[in-house]
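Hi,

Here is the structure I promised to pass on. My notes on its aromatic rings follow below.

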Amino acid sequence: MLEGLLKNMEGGVFTVDLDKKIISFNKGAEWITGYCLEEVLGQPCDTIFNSNICDGSCPFEKTIKKNAPVNINEVVIQSKDGTQIVTSRTLFPLHDIHGNLRGMTVIFRDKTELKNLRQQLLQSEKLAVMGQLAAGVAHEINNPINGIITYMHLLLKNLRENKIDPETWKGNLELVERETRRIGRLVKNLLNFSRKTEPDLRSVSLQRLIEESLPLLEDQFLIKNINIIKHYEDKTPDVLGDFNQLQQVIINLILNAVQAVDKQGNIDINVYSEGKKGSECFVHFDITDNGSGIPEEDLNKIFDPFFTTKVGDRAGIGLGLSIVQQIVKAHHGRISFKSQVGKGTTVSVRLPTP
Ligand SMILES: Nc1ncnc2c1ncn2[C@@H]1O[C@H](COP(=O)(O)OP(=O)(O)OP(=O)(O)O)[C@@H](O)[C@H]1O
Ligand SMILES: [Mg+2]
């Protein structure tokens, strides 16, 4: 029971022996650091935590000497992918049942991820943003509605006067359809954004998820004649995820790629796992497009609610990536972008296995 508890708790827990070699490393530690258990077992902890978790101020001796817990706040560690993570940690000596000193246990938390606080804050921030934007949204919805009313009016007038020209009708009705869809999209996105839903986590095959999501986007691929190239690594394990929420992630990311490429653009989807075969701890999926790319100065804004560079006919709302980021975080995952203007963009999502 204790092992199960340790394995699945949100905080990171690892233990080292008297040579400072890692002898256990729970799921929480994997999520926070990006290292898999198999990679770190038997390694000295200072080679893993490329940072001041184990440098000159290594708390190992102090903990052992004091024979009491040591609390340390605000330690920046570097995760496997190079991200700096602020952690707080508690260290205590590890004894066996005979009371002999065997090593040290470290419990650490991702302070950048202080989940509850962050979520509350996010939720209230969102509400504030929504409040401010209510007027803007009303305006957004009002525009297409005005368009729809005008065209419906025209069509009714034509009908009354018996002037039914199929070409004009077709054009007008297409416009009405497009505008109605736009309202639908706006309302759906706003709902998704404001709803605070805990993911219903189950074992999910990313490959199946992608295969079931692509047909929903078929229209978009056809319009631009887009070339989809898929690489699925053999026998990738399932991830721990909420099928519907992850489908939203995939669809939003692929739609962004579709919107970024020109006609006959390429979109590559790459699914691969990380860690030892049979006990992988993460599955990644990368979506690469050869589209417009994202300017350096925009890269830190793309996750902001309502940030969009899409104007005109295919105007964006700027909620896609906010929703995606929210979902990925709730799955203990990570998302990152690499982009070059004029060359294209790769978005990588990392999700933990069960
Ligand atoms: N693959 C990509 N290539 C180029 N730019 C991108 C890509 N993905 C995202 N962006 C940039 O990030 C911005 C924000 O994306 P996001 O998905 O949040 O909003 P949006 O696509 O503009 O609107 P919405 O998704 O709500 O319809 C986009 O407007 C675009 O400038
Ligand atoms: Mg989008």
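**Aromatic rings**

Phe 337 is buried, with a relative accessible area of 18%, because buried means under 20% relative accessible area, with exposed over 50% and partly exposed in between (1.4 Å probe, protein chains only). Phe 303 is likewise buried, and its relative accessible area is 18%.

Before the rest, a word on conventions: this is a predicted model, where local features need pLDDT of at least 70, side-chain atom pairs count only at pLDDT 80 or more, and totals for chains, interfaces and linings use all residues. Residues are numbered from 1 along each chain as its sequence is written, chains are lettered from A and ligands numbered from 1 in the order in which they are written, and side-chain values use heavy atoms, leaving out hydrogens and water.

Rings of Phe, Tyr and Trp (its six-membered ring) pair if their centres lie within 6.5 Å; planes under 30 degrees apart count as stacked, over 60 as edge-to-face and the rest as tilted. That rule gives 3 aromatic pairs. One of them joins Phe 14 and Phe 108 edge-to-face, at 5.8 Å centre to centre with 75° between the planes. Phe 14 and Phe 108 are 94 residues apart in the chain, and both are buried. Phe 303 and Phe 337 have ring centres 5.7 Å apart and planes at 70°, so this pair is edge-to-face too. These two residues are 34 residues apart.

Phe 14 and Phe 108 also belong to one aromatic cluster with Phe 25.

Best wishes

Technical notes:
Helix = DSSP H or I, 4+ residues; strand = E, 2+ residues; numbered from the N terminus.
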